[in-house]
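Reader: I would like to learn how to read a model of this kind, one feature at a time. Please show me the structure first.

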Amino acid sequence: MFYRITAFLMIPLLLGVSLTRMAVFAGFELNRDYIASKLCENRDKAWMNCEGKCYLSKKLKQVEEKESKQEREIQKQLMQDSFMPENFIVFFGNEVTTTINTPYRHAVPSGYETIFFQPPRV
């Protein structure tokens, strides 16, 4: 039950991050007339046929800058977490450094070692 609730809470968060540009486009399309008449920088220049596209490009640039800033912050946090503290001591005990003895004691018959280790013939 706990996992289901967590999953249902996480899905909108994950979709919200990936759909921010789509939300900007949807807001632009829904308010196109208002943006073109009130917020557009080129509303006095009818020959440019801007119709609020300058406002849309500004908003998309703001979203992109916000996403890149968040990504830089995440990378900075990951970098800070990756460094070890100064008093961190690594100790290798005897179990790690001991030599492992294998039961294989068969010797290679003489003459066969030269067959395997020869340079290729041209």
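Author: What follows goes through the fold, the core, the surface patch and the salt bridges.

Author: This is a predicted model, in which local features need pLDDT of at least 70 and side-chain atom pairs count only at pLDDT 80 or more, while totals for chains, interfaces and linings use all residues. Residues are numbered from 1 along each chain as its sequence is written, and side-chain values use heavy atoms, with hydrogens and water left out.

Reader: How many helices and strands does the secondary structure of the chain come to?

Author: Helices (H or I, at least four residues) and strands (E, at least two) are DSSP runs, numbered from the N terminus. Here there are six helices and zero strands, and the pattern along the sequence reads α-α-α-α-α-α.

Reader: What percentage of the residues of the chain count as buried?

Author: A residue is buried under 20% relative accessible area, exposed over 50%, and partly exposed in between (1.4 Å probe, protein chains only). Of the 122 residues in this chain, 9% are buried. Accessible areas come from the Shrake-Rupley method with a 1.4 Å probe; for residues, only the protein chains shown count as cover. The accessible surface of the chain is about 12,100 Å², and carbon and sulfur atoms account for 62% of that.

Reader: Which residues make up the largest nonpolar core?

Author: In soluble globular proteins, nonpolar side chains tend to be buried together. A nonpolar core is a set of buried Ala, Val, Leu, Ile, Met, Phe, Trp, Tyr and Cys residues joined through side-chain atoms within 4.5 Å. The largest one in this model has five residues: Val-24, Phe-28, Ile-35, Leu-56 and Val-63. At least two residues of this core come from each of helix H2 (20-30) and helix H4 (53-82).

Reader: Which residues does Ile-35 touch?

Author: A contact means heavy atoms within 4.5 Å. Leaving out residues up to four places away in sequence, Ile-35 touches Phe-28, Cys-40, Gly-52 and Tyr-55. For the whole chain, of the contacts between residues at least 6 apart in sequence, 47% join residues at least 24 apart.

Reader: Which residues make the nonpolar surface patch?

Author: Patches are made of residues with over 30% relative accessible area and no salt bridge; like charges are joined within 9 Å, nonpolar side chains (Val, Leu, Ile, Met, Phe, Trp, Tyr) within 5 Å. Phe-8, Ile-11, Leu-15, Leu-19 and Met-22 make a nonpolar patch of about 530 Å². Helix H1 (residues 2-18) gives the largest share, three residues. Phe-8 lies in helix H1 and is exposed, at a relative accessible area of 59%.

Reader: How many salt bridges does a search of the whole structure find?

Author: A salt bridge is a side-chain nitrogen of Lys or Arg within 4 Å of a carboxyl oxygen of Asp or Glu. The search finds four. One of them joins Glu-64 and Arg-21 (3.8 Å, N to O). This pair links distant parts of the chain, with Glu-64 in helix H4 and Arg-21 in helix H2, 43 residues apart. Glu-64 is partly exposed at 46% relative accessibility, and Arg-21 is partly exposed at 39%.

Reader: How far apart are the closest N and O atoms of Glu-41 and Lys-58?

Author: They are 2.0 Å apart in the salt bridge between Glu-41 and Lys-58. Glu-41 sits in the loop between helix H3 (32-39) and H4, Lys-58 in helix H4, and 17 residues separate them.

Reader: Where do Glu-73 and Lys-76 lie?

Author: Both are in helix H4, three residues apart, which means a separation of about one helical turn.
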